[in-house]
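User: I would like to learn how to read a structure like this one, feature by feature. Please give me the general idea each time, and then the case at hand.

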Amino acid sequence: MGIDLTGGIDPAREYFFAERPDDPEMRDSASMWVSDDQGEIGLPRFAVEAVAAKWEHHDYQLNLGLRGGRVIRARDTGDSRLGDPAALATGPLTFRCAEPFRTWTAEFDGQADATTIGSLIDGDPSSARTDLRFSVTATMAVPPWIQGALQPDAAERLSNSVEGDLMGGPRYEQLFRCTGTVTAGGRTREFSGSGLRIRRQGVRRLQEFRGHCWQSALFPSGKAFGYIAYPPRPDGEPTFNEGFVYDGDGDLIPARVASAPWLRTLEPAGEDVSLVLETARGQVRIGGTTALPTIDAFHRPRMPDFPVLFQGGVRYTWDGEETYGMLERSTRREKITWPG
């Protein structure tokens with residue numbers, strides 16, 4: 001049947017705003033998750049967020065997890081580098097669309113904060129500045145998933161509820177295979193692996209963010225899965241719960257998660273994060289074990305109720321295959337069972 005890597009999306013949506021949007025809340029965003037195929041290196045989300053209200057200074061974030069528990073992170077703002085609609089760049093981080101829905105690249109060359117997963121779980125803010133460089137070349141391998149396009153009720157939730165504000169406007173994500181290099185701590189590592197990229201343009205409001213669970217991975221055979229779900233609402237109204245499975249050819253198969261590893265405790269690598277997806281063909285069970293976790297448990301003075309956030313790599317197993325993929329999940333602070 002073949003693979004339509006565009007998913008019917010206009011290639012123009014792969015490019016960035018050429019000028020500052022009129023709406024001060026409008027944002028342009030690119031992010032990636034990368035896992036090497038050995039479970040030694042993970043980049044569980046690095047992103048640039050360009051908001052019209054401060055167009056000359058974009059925010060950027062990155063997480064790098066290394067086997068053994070070392071974590072390198074950045075949460076900062078850099079001078080924007082404007083004028084090229086094929087690139088979203090600020091400070092040391094650059095995303096580039098080399099060919100829409102085919103090839104993307106990302107590069108970082110700067111400094112970040114070195115810590116450990118143990119310190120992050122303990123809420124220890126101490127860290128040491130370190131030089132960090134990485135480059136990634138991503139080749140798309142699965143049709144893009146447009147949030148709200150696979151389930152009628154999912155589209156309704158995005159257009160008429162707080163989940164649409166949380167999603168942040170028109171959004172799609174796409175799994176890829178990749179190669180790259182990482183230089184950290186004076187050591188350069190080359191890797192091959194897979195990952196997920198996200199494109200989003202719109203207004204995003206996070207004030208009512210209560211938590212979520214989001215998993216995705218690409219297997220060596222070309223099989224893949226992904227989903228995003230929000231926890232049950234206190235008023236009993238339905239929430240966004242949409243996903244897909246992919247056989248390696250043809251179209252995405254609509255799914256929803258029936259059993260998700262909601263965030264309840266803060267643990268280092270080795271936690272069971274298996275999941276169950278429901279499709280029209282029946283249930284799909286996928287095993288998962290955290291491999292390169294990062295955790296953001298610090299208070300945010302401007303948003304004191306913002307959930308505790310887990311972003312990490314996971315070793316997934318499905319029908320005898322193994323791969324490394326992503327997991328992001330969050331929960332309000334009062335729902336966490338804290339260590340000690």
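User: Which strand gives the most to the lining of the largest cavity?

Analyst: Rolling a probe the size of a water molecule over the atoms shows where empty space is left. On a 1 Å grid over the protein atoms alone, a cavity is a set of points where a 1.4 Å probe fits but cannot get out, and lining residues have an atom within 4 Å of a point. Here, strand S5 (residues 87–90) gives the most to that lining, with 3 residues. A strand is a DSSP run of E of at least two residues, and strands are numbered from the N terminus. Keep in mind that this is a predicted model, in which local features need pLDDT of at least 70 and side-chain atom pairs count only at pLDDT 80 or more, while totals for chains, interfaces and linings use all residues. Residues are numbered from 1 along each chain as its sequence is written, and side-chain values use heavy atoms, with hydrogens and water left out.

User: What else lines the largest cavity, and what is its volume?

Analyst: A volume is the space filled by probe spheres set on the grid points, which are joined across faces, edges and corners. The largest cavity comes to about 110 Å³, and the search of the whole structure turns up 6 cavities of 30 Å³ or more. It has 14 lining residues, with Phe17, Leu82, Asp84, Ala87 and Leu88 nearest its centre. By class, 9 of the lining residues are nonpolar, 2 polar and 3 charged. In this sorting, Ala, Val, Leu, Ile, Met, Phe, Trp, Tyr, Cys and Pro are nonpolar, Asp, Glu, Lys and Arg are charged, and the others, Gly among them, are polar.

User: How many charged residues line the second largest cavity?

Analyst: None: its lining has 10 nonpolar and 8 polar residues, with no charged ones. The volume is about 90 Å³. Among the 18 lining residues, Trp33, Ser35, Gly195, Gly325 and Met326 are closest to the centre. The elements giving two or more residues to this lining are S1, S2, S11, strand S12 (211–218), strand S18 (308–318) and strand S19 (321–331).

User: Is alanine 86 buried or exposed?

Analyst: Buried means under 20% relative accessible area and exposed over 50%, with partly exposed in between (1.4 Å probe, protein chains only). Alanine 86 is at 13%, so it counts as buried, although its place is in the loop between S4 and S5. Contact means heavy atoms within 4.5 Å. Beyond four places in sequence, alanine 86 is in contact with Tyr15, Phe16, Phe95, Arg96 and Cys97. Its C-alpha is 5.3 Å from that of cysteine 97, which is 11 residues away in sequence.

User: Which side chains make polar contacts with arginine 197?

Analyst: A polar contact is a pair of N or O atoms within 3.5 Å; within protein, one must be able to donate a hydrogen and the other to accept it, and residues adjacent in sequence count only if both atoms are side-chain atoms. Arginine 197 sits in strand S11 (residues 187–203), and its relative accessible area is 2%, so it is buried. Its side chain pairs with that of glutamate 14 at 2.7 Å and with that of glutamine 174 at 2.9 Å. Serine 29, in strand S1, is likewise buried at 2%. The serine 29 side chain has a polar contact of 3.1 Å with the side chain of glutamate 49.

User: Where do nonpolar residues gather, and which touch the most other members of the largest core?

Analyst: In soluble globular proteins, nonpolar side chains tend to be buried together. A nonpolar core is a set of buried Ala, Val, Leu, Ile, Met, Phe, Trp, Tyr and Cys residues joined through side-chain atoms within 4.5 Å. The largest one has 36 residues, and Phe46, Leu64, Phe95, Leu132 and Phe134 touch the most other members. Elements that give it two or more residues include strand S2 (41–51), strand S3 (57–66) and strand S8 (128–140). A second, separate core has 31 residues, Tyr227, Val257, Leu266 and Ile286 among them.

User: What is the phi of phenylalanine 101?

Analyst: Phenylalanine 101 has a positive phi of about 60 degrees, although it is not a glycine. Phenylalanine 101 lies in the loop between S6 and S7 and is buried at 1%. Aspartate 319 also has a positive phi, of about 50 degrees, in the loop between S18 and S19, but it is exposed at 63%.

Notes: Helices (H or I, at least four residues) and strands (E, at least two) are DSSP runs, numbered from the N terminus. On a 1 Å grid over the protein atoms alone, a cavity is a set of points where a 1.4 Å probe fits but cannot get out, and a pocket is an open set with protein on both sides within 12 Å along at least five of seven lines; lining residues have an atom within 4 Å of a point.
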